[in-house]
Amino acid sequence: MLAEEIKSVAELMDRDTPIAVLTGAGISAESGVPTFRGEGGLWRQFRAEDLATPEAFQRDSKLVWEWYDWRRGLMAKVKPNPGHQTLARWEARFPEFALITQNIDGLHAQAGSKRIIELHGNIWKTRCLAEGQVSDNNDVPLKEIPPRCPSCGAMLRPHVVWFGESLDADELDRAFAASRRCRLMFVVGTSAVVHPAASLPVIAAQAGALVIEINPDPTPLTAEADFSFRGKAGDILPLLDQQLMKISRD
Ligand code: BJW
């Protein structure tokens with residue numbers, strides 16, 4: 001059954017098929033990055049209201065930065081897994097390929113993906129509260145908490161999107177455009193509950209795309225998906241890739 005479905009999906013993946021992929025925390029779980037909502041998820045241990053809202057940062061920027069410093073420490077130790085690596089290969093294989101991620105861990109880039117739409121920002125970037133300047137920062141641990149802008153001395157914040165904040169308009173426009181244009185949309189390792197990211201597969205389906213979900217557990221999107229692979233991203237994506245190679249050799 002799994003093998004047949006893998007074959008059916010791989011057969012739809014012609015080189016000129018526009019493909020979009022939306023990833024979430026689940027794709028990095030096999031690398032050792034905690035997810036948010038499942039077993040062992042961050043929101044089972046911590047309250048999002050205390051750590052991932054602009055109000056929380058205004059209330060206690062030190063606490064929020066300490067939490068991000070801890071997560072940066074975890075993320076600095078991990079490596080991309082076969083799920084990330086497969087998507088990097090697909091970017092090179094398919095001329096019309098859009099990778100949209102909700103993840104802030106930078107693992108898609110580490111795996112070799114070049115054109116990444118990062119909807120929720122990047123934990124390895126900071127933003128100056130006074131000037132809005134975005135900078136790379138790979139210090140683990142951070143040299144000071146909260147960190148300060150080297151040019152104006154104002155406080156920096158993590159360049160991530162918290163609840164109640166708008167997503168970057170350009171990134172979101174690119175994500176909407178890719179979702180409307182694609183013929184196949186893979187939805188990998190997301191609980192599909194956080195908007196507007198969760199609306200992208202719906203937009204793709206309304207525009208006529210087939211939606212393929214890869215997740216060990218069902219989500220609110222499952223009922224709408226054309227294919228649902230109940231498995232890990234690091235297993236299913238390489239299986240699809242192997243099938244693609246086989247088809248191109250035949
Ligand atoms: C595996 C696996 C393996 C495990 N392989 N899979 C419309 C309706 C209702 C609410 C709203 C709405 N529009 C906006 C909102 C409000 C809010 C929202 O969506 N709330 C809902 C939760 C109810 N959205 C926002 O506030 C957004 N802003 C916005 O829309 O601005 C305008 C606006 C504001 C206010 C009102 C209205 C409009 C911003 C959202 C920002 C989300 N930020 C976070 C933190 C980022 C920074 C950080 O990391 O510190 O982003 S929260 C967290 O959730 C993080 C994630 O990117 C995001 C999604 O989580 P994800 O990736 O799906 O992870 P999990 O853990 O939930 O799921 C993992 C999945 O993997 C599971 O299904 C597992 O089964 C699976 N899995 N192992 C494959 N090996």
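Biologist: Into which domains is the protein divided?
Modeller: Domain bounds come from an automatic or database domain assignment. Here domain 1 comprises 2–32 + 80–120 + 167–249, and domain 2 comprises 39–77 + 128–160. Their centres, taken over C-alpha atoms, are separated by 28 Å. This is a predicted model, in which local features need pLDDT of at least 70, side-chain atom pairs count only at pLDDT 80 or more, and totals for chains, interfaces and linings use all residues. Residues are numbered from 1 along each chain as its sequence is written, and side-chain values use heavy atoms, with hydrogens and water left out.

Biologist: What is the order of the strands in the open sheet?
Modeller: Strands (E, at least two residues) and helices (H or I, at least four) are DSSP runs numbered from the N terminus, and two strands pair if DSSP finds at least two bridges between them. The six strands follow the order S3-S2-S1-S7-S8-S9, with parallel pairing. Strands S3 (116–118) and S9 (227–229) are the edges, each pairing on one side only. S2 (residues 97–101) is joined to S3 by three bridges, and Thr101 stands opposite Glu118 in S3.

Biologist: Which strands does helix H9 touch?
Modeller: Contact means heavy atoms within 4.5 Å. Axes are lines fitted to C-alpha atoms, for helices over the stretch in contact, with angles from 0 to 180 degrees between N-to-C directions. Helix H9 (residues 169–181) packs on the sheet, touching S1, S2, S3 and S7, and its direction makes about 125° with that of S3. Helix H7 (residues 82–93) lies across S1 (19–23), S2 and S7 (184–188), at about 150° to S2.
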